[in-house]
Amino acid sequence: MNPAEAKEFYLARFADRERQKPRAGSWGDEVRRAAIARFAALGFPTTRDEEWKYTSVAPIVKIPFAPGGENGVGGKQIDELGEAADNRLVFVNGHFSVKLSRLGKLPSGVVASSLAAAMSDCREKVEPHWARHADYQDHSFVALNTALMDDGALLFVPERAVVLAPIHFLFISTAADEATANHPRSLIVLEKGSQATVLESYLSFDRTVYFSNAVTEIAVGEGAALDHYKVQLESEKAFHVATHQAQLDRAANFTSHSIALGGALARNDVNAALDGEGGDCTLNGLYLTYAQQHIDNHTRIDHVKPQCASRELYKGIMGGKSRGVFNGKIYVHKTAEKTDARQTNKNLLLSEEAWIDTKPQLEIYNNDVKCSHGSTIGQLDEDALFYLRARGIDPKAAIGLLTRGFAADITGRIKSAPIARWIEKLLTEKIDLLSTDKGRL
């Protein structure tokens with residue numbers, strides 16, 4: 001399909017859904033129609049758009065993706081993920097699986113459930129936030145998700161409640177006869193003084209072609225704290241576009257860890273708005289690419305209110321003929337005096353054909369601030385490699401040691417032990433791949 005045909009394809013898909021009413025969450029129909037109208041106006045982005053300059057979505061546009069079905073996944077496959085998946089909401093091809101999901105005892109008032117079910121059963125918890133934070137006016141893929149979403153995950157934590165164990169939103173794509181598309185949507189709401197840890201992962205046990213277009217909206221209330229992890233481990237033939245939008249109230253604390261390891265083409269947008277005095281935001285990111293993967297990370301932190309702090313560190317490891325993109329913006333509004341913001345992007349190229357485009361940005365409209373940013377691109381330290389080789393360590397192991405050391409700035413910040421162990425295992429497997437023929441080609 002060309003871009004015009006692709007747009008008509010998705011508009012027809014929405015029209016088909018409209019004819020299939022009623023469905024859960026019909027109170028949101030007006031928003032869905034507004035979203036598909038914006039998609040019709042925007043179309044798919046091209047590399048002529050500044051925000052998509054280094055990432056072409058042409059491979060996504062040309063495939064007529066079918067809706068994902070409820071294909072089966074074995075519980076044993078999920079259990080092999082380890083402790084990180086003990087407390088979980090599981091979605092297969094965008095559909096909630098009751099039999100694969102399991103949750104321990106949660107504090108009174110906490111809701112962890114299918115978002116579609118919650119839109120029917122507890123509208124009062126969803127409506128104040130659903131489609132209120134993620135911007136579908138200017139972002140085509142957010143508009144498409146808002147119009148076509150079937151289901152996703154909800155975590156609602158009431159005032160002063162504390163959810164100790166991490167809750168895992170697990171989105172699995174399975175093999176099908178034709179390429180499929182899913183539009184999962186998640187909503188995380190922490191009310192005043194509450195705390196929680198959420199792990200959100202996207203993966204497949206099959207090497208198939210599919211498209212995940214995910215949106216997560218996060219509302220962190222006054223004095224609340226959210227530790228959020230996203231692991232992107234899609235199939236090597238898959239396409240992944242995701243937007244995370246966090247809204248922080250007064251003295252709220254939000255920490256994001258974005259780990260991007262999979263997919264043929266992936267784009268991750270992580271945005272946070274510090275919209276209450278004294279808020280604190282940390283964005284950590286790690287992306288590792290090999291063969292001909294392309295992973296694009298876009299971040300934006302809006303300092304809206306005074307005396308807020310943000311810290312951002314993204315690190316990239318590129319091997320083979322792969323390509324990485326980092327574009328991070330800190331935007332300080334006129335009303336955000338005493339802002340304290342720092343942004344750093346560091347990249348390690350492991351081959352001569354690997355490539356990174358990095359673009360850190362500051363946009364400041366207040367004079368009473370402390371802001372800094374910077375980026376680096378480099379290769380492995382030859383002296384360090386020589387030192388390890390001189391002590392009998394073979395080249396592959398030496399490169400692996402130094403590469404894991406480079407990533408340790410990010411993995412060392414993971415507070416949850418089960419999540420840290422899982423990510424360390426994934427990272428080791430990917431770093432080992434970099435030295436094989438598969439990783440180089």
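**Close-up views of a predicted model**

**View 1. Surroundings of Ser322.** Beyond its neighbours within four places in sequence, Ser322 is in contact (heavy atoms within 4.5 Å) with Thr289, Tyr290, Ala291, Gln292, Gln293, Glu353, Ala354 and Trp355. Ser322 sits in the loop between β17 (309-318) and β18. Strands (E, at least two residues) and helices (H or I, at least four) are DSSP runs, numbered from the N terminus. Ser322 is buried, at a relative accessible area of 1%; buried means under 20%, exposed over 50%, and partly exposed in between, with a 1.4 Å probe and protein chains only. The model is predicted: local features need pLDDT of at least 70, side-chain atom pairs count only at pLDDT 80 or more, and totals for chains, interfaces and linings use all residues. Residues are numbered from 1 along each chain as its sequence is written, and side-chain values use heavy atoms, with hydrogens and water left out.

**View 2. The largest pocket.** Its space comes to about 800 Å³. The lining has 32 residues, and Ser204, Leu233, Leu426, Glu429 and Lys430 are the closest to the centre. Two or more lining residues come from each of β9 (195-204) and α10 (417-434). The largest share, eight residues, belongs to α10. By class, the lining has 12 nonpolar, eight polar and 12 charged residues. A pocket is an open set of points on a 1 Å grid over the protein atoms alone, where a 1.4 Å probe fits, with protein on both sides within 12 Å along at least five of seven lines; lining residues have an atom within 4 Å of a point. Points are joined across faces, edges and corners, and the volume is the space filled by probe spheres set on them.

**View 3. The second largest pocket.** This pocket has a volume of about 610 Å³. Of its 27 lining residues, Glu51, Asp138, His139, Arg267 and Asp269 lie nearest the centre. Elements giving two or more residues are α7 (140-148), β12 (239-248), β14 (265-274), β16 (294-303) and β18 (323-332). β16 gives the most, four residues. The lining divides into seven nonpolar, 11 polar and nine charged residues. Ala, Val, Leu, Ile, Met, Phe, Trp, Tyr, Cys and Pro count as nonpolar; Asp, Glu, Lys and Arg as charged; the others, Gly among them, as polar.

**View 4. Helices α2 and α7.** The axes of α2 (residues 29-42) and α7 come within 8 Å and cross at roughly 145°. Axes are lines fitted to C-alpha atoms over the stretch in contact, with angles from 0 to 180 degrees between N-to-C directions. The contact of α2 with α7 has nine nonpolar, two polar and two charged residues.
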